[in-house]
Amino acid sequence: MRPTPAVERRRRARRGSVARPVNGRLYRVSFLVALIPLLLLAFASARTGVLAAPQLPPNFDGPGAAALATELATSYPNRAPGSAGALGAASWVHEQLQGFGLPVSTDTWSEQLPGGAGTARLENVWAVAHGQSPAAIVVMAHRDDTGVGPGANDNASGTGALVELARGYAAAAGAAGGPAVRPAHTIVFLSTDAGAAGGLGAVRFAQRPPFPVEAVVNLTGIAGRRAPRLLFSGDTPNTAASLLLETAARRISEQTGAAPQRATVLAQLIDLGFPFTLGGQGPFVARGIPAVTVTTGGERPGAAFGDRPKALDVAHLTQLGRAAQELVGSLDQGLELEHGTPPFVWAGGRAVRGWAIALLMIALLVPYLVAVVDLLAHTRRRRIPIAPAFRSLARRLAFWLFAGVLFAVFGLLGAWPRDPSRPPNPATAAAGDWPVLPLLLLALVLAACWLAWRGPLVPRRHVGAGELLAGNVAALVGAGVVALLILATNPYALLFCLPALHAWLWLPQVRDRPAAARWLLFAVGLVGPLLPVLSLALRFGLGFDAPWYLLELVAVGYVTPVAFAITLAGAACAAQLAVVAAGRYAPYPRAGERRARRSIRRAARRVDTGRYPAR
């Protein structure tokens with residue numbers, strides 16, 4: 001007896017058919033490739049050594065540093081870069097450091113500020129305690145603020161601690177009348193400008209160091225009431241030296257009784273795939289100089305009206321000031337730090353080398369590529385035309401790249417910020433001031449262009465199961481090419497596309513399922529691409545401003561044009577998969593179909609113009 005149609009629909013499609021084309025067995029077997037990288041990952045992680053603490057106890061004067069921070073915040077409450085208060089604060093730091101008898105140098109320049117704030121005169125000030133070696137250990141703190149509040153914690157506290165540390169080394173070096181004790185390394189006390197405006201002072205010093213720099217200890221907001229934290233990511237897929245980080249964590253835990261906080265493993269992976277940091281260590285790490293930021297704030301600098309001297313936590317300032325003093329002592333008396341800033345992930349006190357993580361991500365890409373090649377061969381075996389699907393994908397790709405070019409043209413016309421390639425401070429208005437009218441105009445222009453562009457992509461007839469499969473396969477092949485481009489530019493960024501690849505690979509398998517199932521699978525794949533946006537929204541407190549902030553990073557050049565173009569290519573592949581899942585896909589029309597459409601349009605125009613009567 002023949003089964004009823006309902007029973008036939010419930011039967012699972014035959015393996016290898018058009019309704020079930022993915023070779024699941026081949027896909028699963030391909031994951032065996034990841035076994036070797038997993039073993040290497042286990043062997044590539046190891047506990048990091050710690051430099052010994054200095055023999056002499058720290059003599060950092062916490063209340064004295066708090067008094068200096070109070071004086072700076074009270075005398076110059078508005079130290080926004082380029083303002084009169086910023087110039088006065090630079091003179092104040094210069095006088096303080098010069099009073100210790102240390103040689104003091106300055107570097108003055110003019111630069112465009114992020115956020116369209118105009119060009120400002122900026123100034124870095126530093127004092128030098130010469131050591132037996134010209135190689136320098138830099139203690140750094142930015143002295144400016146956003147102008148919202150007095151900036152007592154961010155960052156008068158770091159500046160006060162910097163001056164107090166310089167006093168201690170001046171006395172040790174005999175500059176203040178004490179016995180001369182030369183450190184093993186040259187110790188530099190650097191006060192930078194525009195730290196709250198993309199770290200321009202730190203970038204300037206990192207680009208033009210007047211002496212070889214071995215390590216950088218950056219002090220930012222160290223008198224807050226939150227737990228101490230270490231920032232160590234860079235502007236490129238690099239990480240500060242693990243020996244520096246582990247030593248910094250040990251010195252802080254010795255003073256505070258608790259280990260400092262750090263980014264989670266997932267956050268560190270995101271930072272490698274999408275290098276972004278607001279800490280002053282970023283420009284140094286990007287140039288291969290080990291650097292770490294010590295702070296009591298979060299991932300983003302603060303700007304609040306309540307950042308006043310009476311809110312300073314003197315206990316935290318004392319503890320972290322002493323930890324910084326001991327950290328510099330450990331670096332000075334220890335062996336030379338490992339050179340360079342190789343990428344790694346700090347997990348549970350163990351450093352996992354970046355090359356092992358990249359190798360694992362490459363291995364996880366292999367099953368997808370194997371399955372997609374098998375799908376492409378499946379369409380060839382069944383003689384399913386694949387060229388129209390690739391033409392549809394190419395048309396979508398051309399439109400998305402055109403959108404990127406149009407975004408760049410709007411930028412040249414002044415619609416977007418044209419600042420130096422530094423991220424604007426999320427605490428300032430520049431991060432949340434959406435240019436509504438230019439964005440709306442861009443959206444309208446793109447919508448009009450898409451209406452003219454989409455003609456060949458509009459369904460004209462019933463699309464068969466084979467053609468739908470071809471549309472999926474072409475988009476999956478395109479996504480594989482995008483993944484290989486990502487691999488060539490930044491292998492850690494595969495973190496963002498691997499979830500999408502492995503989820504969307506099964507879209508051809510659920511073609512006959514309800515629309516909710518197809519859309520759920522498509523949405524699961526979006527988790528990876530959304531990770532950078534979620535990181536900006538949650539870790540850096542941008543919330544719903546994260547999409548515009550990401551576009552702003554593209555506009556100012558912090559996100560490279562190559563990375564932007566690869567992202568747009570991935571969006572084109574995702575768009576084709578989405579229309580197939582929605583049942584709105586159409587293969588690119590053949591030449592005969594295009595001529596028929598032109599004949600119909602031509603006849604319609606003749607009727608409208610009255611060249612012959614309609615019948």
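The model is predicted: local features need pLDDT of at least 70, side-chain atom pairs count only at pLDDT 80 or more, and totals for chains, interfaces and linings use all residues. Residues are numbered from 1 along each chain as its sequence is written, and side-chain values use heavy atoms, with hydrogens and water left out. Helices (H or I, at least four residues) and strands (E, at least two) are DSSP runs, numbered from the N terminus.

**The sheet**

- An open sheet is formed by 7 strands in the order S2-S3-S5-S4-S6-S8-S7, with mixed pairing. Two strands pair if DSSP finds at least two bridges between them.
- Strand S2 (104-112) and strand S7 (229-231) are the edge strands, and each pairs on one side only.
- On average, neighbouring strands of this sheet are turned by 25 degrees against each other, direction ignored. Axes are lines fitted to C-alpha atoms, for helices over the stretch in contact, and angles run from 0 to 180 degrees between N-to-C directions.
- S2 and strand S3 (residues 119-129) run antiparallel and are joined by 9 bridges. Asp107 has Asn124 in S3 as its bridge partner.
- H7 lies across S2, S3, strand S4 (133-142), S5 and strand S6 (213-220). H7 runs at about 115 degrees to S2.

**The helix pair**

- The axes of helix H12 (residues 354-381) and helix H16 (residues 494-504) come within 10 Å and cross at roughly 25 degrees.
- H12 and H16 are therefore roughly parallel to each other (angles under 35 degrees count as roughly parallel).
- Contact means heavy atoms within 4.5 Å. H12 contributes Met361, Ile362, Leu364, Leu365, Pro367 and Tyr368, while H16 contributes Leu494, Leu495, Leu498, Leu501 and His502.

- Most residues other than glycine have a negative phi, and most peptide bonds are trans.
- Asp154 and Asn155 are joined by a cis peptide bond, with omega about 5 degrees. Asn155 lies in helix H6 (residues 152-172).
- Ala194 is not a glycine, yet has a positive phi of about 60 degrees. Ala194 sits in the loop between strand S5 (185-192) and helix H7 (200-207). Ala194 counts as buried, at 0% relative accessibility.
- Arg383 also has a positive phi, near 55 degrees. Its loop runs between H12 and helix H13 (387-412). Arg383 is exposed, with a relative accessible area of 75%.
- Buried means under 20% relative accessible area, exposed over 50%, and partly exposed in between (1.4 Å probe, protein chains only).

Note on methods. Parallel < 35°, antiparallel > 145°, perpendicular 65-115°, else oblique.
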